[in-house]
Amino acid sequence: MKGLFTRPRVIGLALSGLIFVVDQWLKWLMIGPLQLRQVGNIHILPFFDLTWVENYGVSLGMLTARSMEMRWGLVALTAGIALVVAVWMMREKLLGEILGLCLILGGALGNIVDRVKFGYVVDYADFHIGDFRPFLVFNLADAAITIGVVIILARSFLISEKPDTKNDTGAPVTEN
């Protein structure tokens, strides 16, 4: 059990928790004090608004939950994915891999809570250049998931594993 909670894994779990808490706090801020649901849109900067969006689907509006069964199916699907990511994270040793996975886990948990509480995910961050919107309206959890996936993909494509230079007894491997 001692080897399970290594320093990188504890950092990963803490960061996942932080992402989850900040995501839920921001969504509470949008729903409560800012009343974004009622207001609809708050202009912040020439390129950034807070815009209320109820996201009933997953990435890019796919798998839209049009019924209660689909809603709970999405909860089960995303919870299953979060569980796989958590297990994967607890098996990883390198902080770089754990960092990507903890971002995905924290974001997934934040969006799962929304779907359970409301039946949809609360989205609010609206980046734009005039009328051009390079992204759909999103939230902190979505951003964390996206960044985590990019980290995992980049590390898998850009970082090669070093060949094992020692055999099972610890002696250097020699090539004939």
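Predicted model: local features only at pLDDT ≥ 70, side-chain atom pairs only at ≥ 80, totals over all residues.
Residues are numbered from 1 along each chain as its sequence is written, and side-chain values use heavy atoms, with hydrogens and water left out.

**Figure 1. Overview of the protein chain.** The protein chain has five helices and three strands. Helices (H or I, at least four residues) and strands (E, at least two) are DSSP runs, numbered from the N terminus. Of the 176 residues of the protein chain, 34% count as buried. Buried means under 20% relative accessible area, exposed means over 50%, and partly exposed lies in between (1.4 Å probe, protein chains only).

Figure 2. Strand β1 covers residues 41-45, and strand β2 covers residues 48-55. The two strands run antiparallel and are joined by four bridges; strands pair if DSSP finds at least two bridges between them. Two residues lie between β1 and β2 in this hairpin.

**Figure 3. Strand β2 and its pairing with β3.** Strand β2 is also joined to strand β3 (residues 121-127), by six bridges, and this pair runs antiparallel. Is β2 largely enclosed by the rest of the structure or largely open? It is largely enclosed, because six of its eight residues are buried. In a regular strand the side chains alternate between the two faces of the sheet.

**Figure 4. A nonpolar patch on the surface.** I44, L45, F47, F127 and F135 form this patch, with about 460 Å² of accessible area together. Patches are made of residues with over 30% relative accessible area and no salt bridge, where like charges are joined within 9 Å and nonpolar side chains (Val, Leu, Ile, Met, Phe, Trp, Tyr) within 5 Å. Accessible areas come from the Shrake-Rupley method with a 1.4 Å probe, and for residues only the protein chains shown count as cover. L45, a residue of strand β1, counts as partly exposed because its relative accessibility is 37%.

**Figure 5. Salt bridges around K27.** A salt bridge is a side-chain nitrogen of Lys or Arg within 4 Å of a carboxyl oxygen of Asp or Glu. A search of the whole structure finds four of them. In one, the closest N and O atoms of K27 and D23 are 2.8 Å apart. K27 and D23 are four residues apart in helix α1 (residues 7-31), so about one helical turn separates them. An α-helix has 3.6 residues a turn, so residues three or four places apart point the same way. D23 counts as buried because its relative accessibility is 0%. K27 also counts as buried, at 2%. A further salt bridge joins the side chains of K27 and D114 (2.8 Å, N to O). This pair links distant parts of the chain, since K27 is in helix α1 and D114 in helix α4 (residues 95-118), 87 residues apart. D114 is buried, as is K27.

**Figure 6. The salt bridge between R155 and E97.** The side chains of R155 and E97 meet in a salt bridge (2.9 Å, N to O). R155 lies in helix α5 (residues 140-158) and E97 in helix α4, so the pair ties together parts that are 58 residues apart in sequence. R155 is partly exposed, with a relative accessible area of 21%, whereas E97 counts as buried at 14% relative accessibility.

**Figure 7. Helix α5 and its two sides.** Helix α5 has 19 residues and reaches 26 Å from its first C-alpha to its last, close to the 27 Å expected at 1.5 Å a residue. The expected span is 1.5 Å times one less than the number of residues. Which residues of α5 are buried? They are A141, D142, A144, G148 and I152. These residues cover an arc of only 165° around the axis, so they are on the same side of α5. The arc is that of the directions from the helix axis to the C-beta atoms. The face turned away from the buried side of α5 carries the exposed residues F157 and L158.
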